[in-house]
Structures are given as structure tokens and as C-alpha cells.
Amino acid sequence: MAMPLAIHSEPAFVASLAASDLSSYVPVMILITMAITFGIINVFGSLVIGPRRDGPTKSAAYESGMNAVGTARKRFNVRFYLIAMVFLVFDIEIIFLYPWAVTFPNLAQGTNESLIWLARILFFVFTTVIAYVYGVRKGVFKFD
Amino acid sequence: MESMLTLLWPEIALFITTCVVMILGQSKFKDTRDLCPGLAAIGLIVSGFLAWYFRGVTSDAVLPHLPYYGKLVICGVGLMLLMLVAGSADRELEADAAKGKPFEPIRSTRGEFYSFVLFSLTGLMLCTSANDLILLFLALELTSLPTYVMVSISTNRNRSMEAGVKYFFLGALGAAIFLYGFAMIYGGTGTTNFEDISRTVAAQAAGGGINPLVILGVVLSLVGLGFKIASVPMHFYTPDVYQGSSSSVAGFLAFVPKAAGFFAILSICGLVGWSHGVTEQSLPEGPRVLLWVVAALTMTLGNVLAIMQRSVKRILAYSSIAHSGYMLVGVIAGPGPSGADFERNGIAAVLFYLVSYGVMTIGAFAVLACLEKKRSDGSLDEVDDIDDLRGLARTRPVLGWTMVLSSMGLLGLPPLLGFLGKLPLFTAGIGAKEIILVLVLGINSAIAAYYYLRLAYTCFIESPETTPNAPKVVEAPFAARRWAGVISMLCVVGLAVFGSWLGNLAEIGATYRPPKYVQPAAAVVPVSAPTP
């Protein structure tokens with residue numbers, strides 16, 4: 001039983017692989033190197049040239065300029081979570097609708113292709129409507 | 001494009017049913033809520049009809065008739081699964097509502113439960129018709145994501161939460177691994193379309209050798225998909241998750257993710273094709289060796305560990321692992337020489353065995369789902385210990401005989417369905433000259449006899465429990481589950497006798513169209529990583 005790697009022992013093949021495959025990853029490598037360098041330079045830069053002024057006010061927690069009124073480990077009303085879920089539904093819908101709307105006018109109107117595109121997005125909107133109706137029936141919008 | 005849409009009609013029908021079921025489950029009126037399972041069944045039947053109606057439409061992958069067979073089978077077995085999970089959700093809530101309390105939609109899980117079943121089956125259908133790596137990944141996720149939730153909400157005990165979390169995290173790990181493999185395949189061929197990939201791979205194989213990235217990608221995909229079918233390096237979750245979820249959901253898990261995994265494995269293996277090796281009828285050496293080792297380990301470990309269990313659900317979980325190993329033999333054997341009959345066609349054997357395993361295991365889980373233990377304080381618990389089944393054939397003949405026939409079928413006793421399913425796996429393995437693997441398969445079938453016979457013996461020969469303090473075993477008030485068991489029992493006997501049509505169907509489903517060999521040099525694009 002030959003081992004898997006034995007298939008590729010021809011030197012010509014290995015050479016062509018090295019030439020064609022790895023070279024196209026060079027941009028990725030450069031990007032990774034840049035990202036790491038950028039991070040290191042920033043950390044060390046602020047360590048070396050950054051001013052250090054400490055005090056009780058500086059280390060106090062605040063949010064958007066407001067002083068903190070209590071601990072963050074508090075119970076939230078579960079309703080916020082539900083609202084966030086419903087928000088996500090519409091958020092995602094917009095993300096998909098926008099590029100569709102930009103592309104759609106470029107298709108020849110009334111052709112089979114444009115009709116299929118229209119049907120696709122209508123189907124997608126249908127799923128969103130279902131999600132919305134589901135939320136309503138589940139009682140997400142009941143603020144009693 | 002349009003033919004792809006025609007191919008997807010069954011999925012679309014099922015998806016629309018899913019949406020309607022999800023909304024109906026939140027209704028204020030009990031009569032409307034009770035429509036959910038019936039509507040789900042109608043959706044499945046309609047989508048099965050659509051699959052049959054569009055049988056002429058083929059996918060452009062190397063297994064062009066897989067969608068047709070897959071969807072028909074999914075609709076059939078799906079109906080049984082629907083019966084099996086009937087009544088799983090909302091038992092306490094419905095009892096409260098019957099006493100006059102207002103129905104609280106926010107606490108209800110019934111609509112979700114049935115729509116998750118349908119979502120999962122939709123994903124399973126998409127797995128068969130996927131012709132693109134991205135579509136295949138989405139289909140696999142659509143199959144799995146609902147099952148994670150179904151495990152968690154199947155009982156209101158902490159155990160099923162634990163099982164759900166375990167299942168979710170390990171499932172995410174598996175998905176990450178096979179997604180990495182898909183990325184490698186893309187890197188080695190420069191396309192995500194199945195047809196283009198298999199052509200490129202054929203061109204590579206003809207000229208020098210397949211790109212190692214493709215081999216690595218296929219190997220990683222197979223390992224990751226091993227999670228779905230519960231094969232050896234990824235099998236650890238199976239017993240815990242099956243034990244933690246309710247019996248009916250465990251039955252669902254035994255068929256649906258496994259079927260998704262095998263459809264995906266067949267598609268992925270089809271990308272490199274069964275046209276390599278000395279005979280030019282096997283997989284490339286790397287995936288073949290991997291599958292060989294995994295298959296041998298999976299069946300042995302599954303069967304040996306099943307012997308040591310006392311919990312019926314754990315026994316069935318290890319049996320599920322072992323059966324994955326059996327089916328991998330068919331994947332290794334491949335479709336054989338072109339025009340090979342059913343006995344030599346490993347893919348047809350896998351497709352047939354998948355159905356017969358599903359039918360038999362649903363029977364076993366249906367028996368467990370039909371029974372529950374009543375403690376002295378009146379609380380109900382699931383039947384799990386093998387002692388709870390003592391003398392079942394005498395006290396409750398229908399359930400007892402279902403269990404006996406299911407376990408005999410899973411064992412592969414000659415007149416039953418399991419034998420008819422296992423035989424082609426043997427012959428296909430021998431035809432592919434995998435004699436050692438077939439020997440392992442034979443030895444394992446003998447090991448498996450120990451625990452399957454123990455299951456049958458407990459139900460059939462031992463006398464019913466007489467200890468006074470033991471919790472009393474009562475029947476759960478779900479007629480549909482009992483029907484799932486009865487249908488499974490009828491199929492185990494009936495399909496063995498009148499099952500040739502299913503065999504023919506599996507043979508159609510396994511039609512293998514090897515990628516076309518190319519071509520003058522100008523037509524072959526030299527393979528490199530995709531340009532950005």
C-alpha cells in the first residue's frame with residue numbers, strides 16, 4: 001500500500017506547484033506581516049512616547065461621558081434580547097436588499113433572468129415577513 | 001439555472017410548509033395548534049410527490065440521480081420520523097391550557113419543534129441536490145442547526161441542555177474542519193462548482209497527479225463529515241447526546257445527520273472520483289487509506305463498546321457508530337466497473353443500507369419513546385435501562401415484537417431487512433478486492449450479535465420485572481409513536497420480501513457518471529491557486 005504522498009514525487013510537478021501555488025499567497029503574507037508590525041509598533045510606541053497620568057477619575061468606569069450608576073452585572077429584561085433578535089432580522093434584510101437593488105436595474109427588464117431575480121428577492125422578503133409574523137405571534141411587541 | 005430551480009421544488013415546498021407550521025404553532029386556539037403535525041405530514045407528502053414528478057431532472061454532479069433517490073427516501077423516512085417525534089413538545093403547557101389557563105406563546109415550543117424537523121429535512125434534501133461546495137456547506141448547516149436546538153428542548157431536564165451544548169460545540173468543530181477542507185479543495189482547483197472540480201481533478205490526474213491541496217481538502221472534509229455520521233475520531237459525543245435527548249429526538253439524530261453526512265461524503269468522494277488506483281475503480285490512495293482505517297476502527301469500536309452498556313439508548317448510539325463503519329465499506333468500494341449490477345455497486349449499497357438502517361433504528365427508538373417510567377411520586381421519566389424492557393413481548397406484544405424485530409434486523413439476521421442491506425456491502429467490498437475490510441465487517445457482525453441478541457432476549461424471554469419498589473413502566477399517550485414502531489416492524493419484514501423496487505431505486509440513485517477526460521492541452525487550464 002503506497003503512501004498518499006508518493007503520487008506527487010515527480011520533481012517537475014513539485015516545482016510547478018511551488019511556482020504557481022505559493023506565489024499567489026504572497027499578498028496575504030505581506031498583509032499578515034503588516035498587521036503584526038502595525039500592532040507591535042502601536043503598543044511599543046504608546047509605551048515609549050505616551051504620557052502617563054493616573055488618578056481616581058481616570059480609572060473610573062464611564063459610558064459615553066456619563067458616570068456609572070452601578071455594576072454592569074445586572075439583569076436585563078429579556079425583552080431587549082428579543083428586540084435585538086427582531087432588529088437583526090431587518091438588519092440582515094437591508095444588507096441583502098441593497099446590493100440586489102443596485103444590481104437589478106442593470107438586467108434587461110422583462111427577460112426571464114430578471115424575473116428569476118425578482119422572484120428570488122420576493123422569496124427572501126417572504127421569509128423575513130414570516131420571521132416578523134412569528135415574532136408578533138410570539139408576543140415580542142407586547143410591552144405591558 | 002432554471003433546471004437547478006426545478007431540482008429544488010421539493011425543498012421549496014417543504015420550506016414553505018415549515019414557515020406555515022412555525023406560525024400556526026403560536027395560535028391561541030388548540031384546534032389550530034393541533035394542525036401542525038398534520039400539515040407537516042402533508043408538506044412532506046407534497047414534496048415527495050414533487051421529487052417523483054421531477055424525476056427526469058438531474059443534477060450536474062457525478063451522481064446525477066442522487067437528488068431523486070435522496071428526496072424520495074427522505075420524504076418516506078421523514079414521515080416515520082414525524083410520527084416518532086409527535087407529542088414531544090409542550091406536554092406540560094398543553095396540560096395547563098386544557099385546565100383553562102391562557103396559552104402562553106412565549107413558553108410554547110410546539111410550532112418550533114415541528115418546523116425544526118422540517119427545516120432539518122429540507123437541509124437534508126439540499127445536501128442531495130447541492131452542486132456547489134458553498135451550497136453543500138449551507139445545506140449541512142441547515143440540517144444540523146435545528147437538531148442542536150431539538151436536543152436541548154426535547155426534555156425539560158438539565159441533561160438535555162448538557163447534551164445540546166456538547167452537540168453544538170462538537171458540531172461546530174466538525175463544521176470548521178470540513179469547511180477548511182472545502183477551502184482546500186477550492187484552493188487546489190480554483191472553483192467551487194462540483195462539475196468543474198471533478199473535471200479539473202480528472203485533468204490533473206491525467207497529467208502528472210492530483211494537486212496535494214485537493215487530496216488534503218478531501219481528507220479534511222471526510223474527517224469533518226465524520227462528525228455527522230459519528231465515525232471514529234469524531235464519535236465521542238454520540239452516546240452522551242443520544243442519552244441526554246428524548247428517545248424520539250435520539251431516533252431523529254440517528255437518521256438525519258447520518259444521511260446528510262453520507263450524501264455529502266458521496267458528493268465529496270465523487271469530486272475526486274472512483275477512477276484511480278491499480279484497477280482504476282477506487283478512490284485516490286490518500287482518501288482511500290483514511291476511509292479504510294476509519295471504517296475498520298468505527299465498526300470495531302462501536303460494537304465492542306456497545307457490549308458494555310446497560311442503557312438501551314447508549315447501546316443504540318454505539319450501534320449507530322458501528323453502522324456508519326459498515327456503510328463506509330460501500331463508499332470505499334465505489335460504483336465498480338460501469339454498468340455494474342446492484343451486488344457490485346457500493347454506492348447503491350450505501351444508499352440502500354441508509355434507508356434500511358433508518359427504518360430499523362426508528363423502530364427501536366419508537367419502542368423506547370412509547371414507554372415511560374412512573375415514579376412513586378407520580379413524576380414521569382424516560383425508559384432507558386435494559387431491565388425496563390424485561391418481558392416486553394409478553395406484557396405489550398406490539399412494542400415487544402417491534403423491539404425484537406428491530407434488533408434482529410439491525411443484527412442482519414437473514415430473512416429481515418438488515419440482511420438484505422448488508423449483503424450488497426459485502427459483495428461490493430469483495431468486488432473491490434477489499435478482502436481484509438470485508439473480513440473485519442464479518443467479524444464485527446458477529447460481535448454485534450451479542451448485544452442485539454441481549455436486547456431481543458430481554459424483551460422476548462426474560463420475565464417481567466416484579467420488584468415492588470421499582471418505578472412502574474407505563475405507556476406514553478402518543479398513538480403516533482406506536483404507529484411509527486408498527487410501520488417500522490412491517491417494513492423490516494415487508495421490505496425484505498418486497499424490497500426489490502427500493503433496490504432498483506437505489507441503483508438508479510447510484511448512477512455514476514465519471515468526469516469527462518480531457519482534452520487537448522489548450523482546453524486544460526493549468527491548475528493554480530485562485531487569482532484574487
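Author: The bend at a residue is the angle between axes fitted to the seven residues ending there and the seven starting there. This is a predicted model, in which local features need pLDDT of at least 70 and side-chain atom pairs pLDDT 80 or more, while totals for chains, interfaces and linings use all residues. Residues are numbered from 1 along each chain as its sequence is written, and chains are lettered from A and ligands numbered from 1 in the order in which they are written.

Reader: Where is the kink in α21(B) centred?

Author: The kink, of about 30 degrees, is centred on Val492(B). Helices here are DSSP runs of H or I with at least four residues, and strands are runs of E with at least two, numbered from the N terminus.

Reader: How many residues does α21 of chain B have, and what does it span?

Author: It has 20 residues, 479–498, and reaches 27 Å from first C-alpha to last. That is close to the 28 Å expected at 1.5 Å a residue (1.5 Å times one less than the number of residues).

Reader: Which residues have the most contacts inside the largest nonpolar core?

Author: They are Leu81(B), Leu84(B), Val117(B), Cys127(B), Ile332(B) and Phe365(B), in a core of 184 residues (buried Ala, Val, Leu, Ile, Met, Phe, Trp, Tyr and Cys joined through C-beta atoms within 7 Å). The element giving the most to this core is α16(B), with 20 residues.

Reader: What does Leu84(B) touch?

Author: Beyond four places in sequence, its partners include Phe365(B), Ala366(B), Arg481(B) and Ala484(B). A contact requires C-beta atoms, placed from the backbone, within 7 Å.

Reader: On to the whole chains: how many residues of chain A and chain B are buried, in percent?

Author: In chain B, 59% of 532 residues are buried; in chain A, 2% of 144. Chain B has 22 helices and 3 strands, and chain A has 5 helices and 2 strands, in the order α-α-α-β-β-α-α.

Reader: Where does pLDDT stay under 50 in chain B?

Author: Over residues 520–524. The mean for chain B is 88, with 95% of residues at 70 or more, on the predictor's per-residue confidence scale from 0 to 100. Where pLDDT is low, the predicted coordinates should not be read in detail. The model scores ipTM 0.76 and pTM 0.86.

Conventions. Contact = placed C-beta atoms within 7 Å. Buried ≥ 20, exposed ≤ 12 C-beta atoms within 10 Å, placed from the backbone.
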